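Colleague: I would like to learn how to read the domains, sheets and salt bridges of a model. Could you take me through one?

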Amino acid sequence: MPPMPRGMGATKPKSKNAGKTLKRILGYLMQYKLRLLGMVVCIIASAYAAAKSSLFLKTLIDDYITPMLVEKTPDLMAGLIRAILLLGVVFLVGVVCTFLYNRIMIPVGQGILKKVRDEMFAKMETLPIRYFDVNSHGDIMSHYTNDTDTLRQLITMTVPQLVNSVVSVVVLLVSMLSISFWMTLLTLAFTALNLFISGKTGGLSGKYFITQQRQLGDLNGYIEEMINGQKVVKVFNHEQDIVETFDKKNTALRGSAQKAFFISNLVMPIIMSIGYLQYVALAVAGAAMAIAGVGGVTLGGIVSFLQLSKSFNRPIDMMSQQISAIVMALAGAERIFELMDQEPEQDGGTVKLVRAKYDRDGETLLETDELTNIWAWRKQNEDGSYSYRRLVGDIVLNHVDFGYNDKKQILYDINIQADAGQKIAFVGHTGAGKTTITNLLNRFYDIQGGTITYDGIDITHICKSDLRRSLGVVLQDVNLFTGTVMENIRYGRLDATDEECIAAAQLANADNFIRLLPQGYDTVLSGDGAGLSQGQRQLIAIARAAVADPPVMILDEATSSIDTRTESIVQKGMDSLMYGRTVFVIAHRLSTVQNSDVIMVIDGGHIIERGNHDKLIAEKGQYYRLYTGAFELE
């Protein structure tokens with residue numbers, strides 16, 4: 001079977017803090033205080049209109065129908081008409097307010113979602129590479145889709161309905177108390193029973209909703225990885241295997257979702273049955289009180305109270321229905337906040353990279369805003385002044401030890417001296433630690449022992465953004481972005497002119513094929529460069545690195561995806577690209593590293609051989625065996 005997606009099972013369920021999550025959501029809501037106040041006012045007016053219609057039944061029966069039919073009281077029709085007209089006005093206001101409070105929450109919900117997505121994406125860009133190595137991309141995407149959608153439903157639908165329910169309960173409770181205290185107590189007893197049942201089922205279903213959200217993220221991660229790896233799946237005929245794996249994950253998701261919704265859906269039938277019992281009990285109690293003349297209950301009061309009690313149960317039922325939505329939204333929001341609460345990439349560096357020029361004497365470096373081709377490291381001294389050191393590209397790794405975690409060490413006592421303009425090549429088996437070394441130069445990871453210096457400066461003292469700005473990287477896996485070819489090349493340096501981008505493409509020998517595209521440099525690429533060959537995509541990536549014009553270049557299997565004929569073309573451009581720079585090359589094709597100043601053979605995290613091509617061939621060690629085919633790289 002294909003390997004499991006990165007990070008699957010790496011995240012263990014943590015104890016949930018619904019109160020803290022809810023508090024953070026309320027923090028976003030409080031940014032719209034005026035709109036929320038308007039919503040509450042509209043809900044109060046709407047609830048009052050609904051209660052008024054039920055109370056009108058008492059007035060209608062006791063003040064108009066009974067006098068006219070039983071007591072034969074004349075001249076009440078005009079008053080009845082006025083009362084009906086007044087009720088019509090109240091109804092109209094209630095309808096308008098109901099529309100308004102629903103309309104108010106739409107921009108509030110979308111505004112909060114925009115802010116959450118902005119903050120989540122901004123936070124994601126501050127996270128270290130380690131986070132993306134241990135979490136599947138599909139699971140991260142799930143934060144932006146499924147989790148934010150549950151939050152949207154909470155804000156735009158659940159919150160208004162919940163506030164409406166609470167306000168309605170208060171208004172209806174006051175209305176019922178105005179008719180009969182004892183009948184209200186009986187209603188509250190049934191309501192307490194409803195709430196007890198809702199609380200029990202809500203708590204039981206909550207853990208399944210949380211599991212559902214995590215399994216949904218897991219499933220999305222698997223789908224995303226299998227889509228990206230479709231060619232590999234088909235080449236090795238693993239279609240049936242991944243279908244079975246997907247079915248297992250999908251079945252697990254169905255199981256948790258089924259349990260969650262089954263338990264939450266039990267609430268309604270139970271509450272409805274209790275509601276019927278309540279209606280009968282109130283009718284009997286009200287009739288007995290009216291006959292006995294207790295509590296001033298009248299026929300109109302009984303009819304009105306029964307209507308109010310039904311209306312009173314409705315918001316209780318609505319609150320019960322919203323429990324599952326609230327639990328699911330809190331689970332989604334907690335996943336969002338987990339991402340937001342991740343520790344950002346730490347950067348204690350203070351040394352900055354600036355453009356510089358020499359003074360008139362040609363001896364002292366000065367910082368400048370001019371677009372010079374001289375870069376310098378700027379260090380602030382204790383007295384507040386600045387000192388400058390020209391960036392030349394001298395890199396030294398001194399007794400470096402590294403492991404991705406405390407349990408497994410990857411690199412052991414690595415010592416490398418790369419002088420400005422030298423080409424350093426790493427060869428060795430997959431997993432030997434070659435790419436890890438280049439990741440340490442970028443400070444994607446920090447070392448556990450030893451030091452790495454750049455122009456004599458410890459790289460931990462250099463701001464990470466400035467450090468990475470000075471390094472150009474061409475990876476084996478090319479990432480192209482939606483946009484024109486020109487924009488993809490300019491991604492290496494956003495202030496580069498069209499002429500500079502074209503010159504970079506010519507340097508990488510990409511100009512010829514680009515001009516043959518339908519719109520040349522203005523051809524729009526999408527789907528990570530779909531429609532281009534792997535070699536063409538790699539050439540654009542090389543041009544992108546060339547336009548950045550860094551003093552240090554890292555080429556990680558940069559030509560491994562290019563055929564032999566294309567490689568010979570690209571190699572000339574690569575030689576021009578590498579000229580005058582410090583270059584670190586990782587390659588499986590030993591023909592591409594023969595002209596390196598120093599070749600290092602890495603095995604098991606150790607440098608076992610070093611020297612130029614002729615020296616290593618003469619030693620007849622592992623490099624010799626690799627070069628002559630007696631031993632192959634894996």
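Modeller: What follows goes from the domains to their contact, then to the sheets and the salt bridges. Keep in mind that this is a predicted model.

Colleague: Which domains does the assignment give for the chain?

Modeller: The domain assignment lists domain 1 (108-340), domain 2 (352-390) and domain 3 (395-630).

Colleague: How far apart are the C-alpha centres of domain 2 and domain 3, and how many residues does the contact take from each?

Modeller: The C-alpha centres of the two domains are 28 Å apart. Domain 2 gives 6 residues to the contact, and domain 3 gives 10 residues.

Colleague: Which polar features are counted between domain 2 and domain 3?

Modeller: There is 1 salt bridge between domain 2 and domain 3. The count of residue pairs in polar contact is 4, with both residues at pLDDT 80 or more. On the side of domain 2 that touches domain 3, at least two residues come from each of β1 (352-358), β3 (375-380) and β4 (386-390).

Colleague: Which residue forms a salt bridge with Lys 352?

Modeller: The partner is Asp 466, with the closest N and O atoms 3.2 Å apart. Lys 352 also has a place in the strand pairing, where Arg 378 in β3 is its bridge partner.

Colleague: Which residue takes a positive phi in the hairpin of β3 and β4?

Modeller: Gly 384 does, with a phi near 95°, and this hairpin has 5 residues between the strands.

Colleague: What is the order in the open sheet of 6 strands?

Modeller: The order is β10-β13-β14-β7-β15-β16, with mixed pairing. Its edge strands are β10 (471-474) and β16 (606-611), each pairing on one side only. Neighbouring strands of this sheet are turned by 20° against each other on average, again ignoring direction. Helix α16 (residues 534-548) packs on the sheet and touches β10 and β13, with its direction at about 180° to that of β10.

Colleague: In what sense do β13 and β14 pair?

Modeller: Strand β13 (residues 552-556) and strand β14 (residues 582-586) are parallel, paired over 5 bridges.

Colleague: Which strands pair with β5?

Modeller: Strand β5 (residues 395-402) pairs with strand β6 (residues 411-418) in the antiparallel sense over 5 bridges. β5 also pairs with strand β8 (residues 449-454), in the antiparallel sense and over 5 bridges. Val 396 shows both pairings: Gln 417 is its bridge partner in β6, and Thr 453 stands opposite in β8.

Colleague: Back to charged pairs. How many salt bridges does the count come to?

Modeller: The count is 20 salt bridges. One of them joins Arg 335 and Asp 147, whose closest N and O atoms are 2.8 Å apart.

Colleague: Why does the pair of Arg 335 and Asp 147 tie together parts apart in sequence?

Modeller: Because Arg 335 lies in helix α10 (residues 299-340) and Asp 147 in helix α5 (residues 137-177), the pair ties together parts that are 188 residues apart in sequence.

Methods. Residues are numbered from 1 along each chain as its sequence is written. This is a predicted model: local features need pLDDT of at least 70, side-chain atom pairs count only at pLDDT 80 or more; totals for chains, interfaces and linings use all residues. Side-chain values use heavy atoms; hydrogens and water are left out. Two strands pair if DSSP finds at least two bridges between them. Helices (H or I, at least four residues) and strands (E, at least two) are DSSP runs, numbered from the N terminus. Axes are lines fitted to C-alpha atoms, for helices over the stretch in contact, and angles run from 0 to 180 degrees between N-to-C directions. Contact means heavy atoms within 4.5 Å. Domain bounds come from an automatic or database domain assignment. A salt bridge is a side-chain nitrogen of Lys or Arg within 4 Å of a carboxyl oxygen of Asp or Glu. A polar contact is a pair of N or O atoms within 3.5 Å; within protein, one must be able to donate a hydrogen and the other to accept it, and residues adjacent in sequence count only if both atoms are side-chain atoms.
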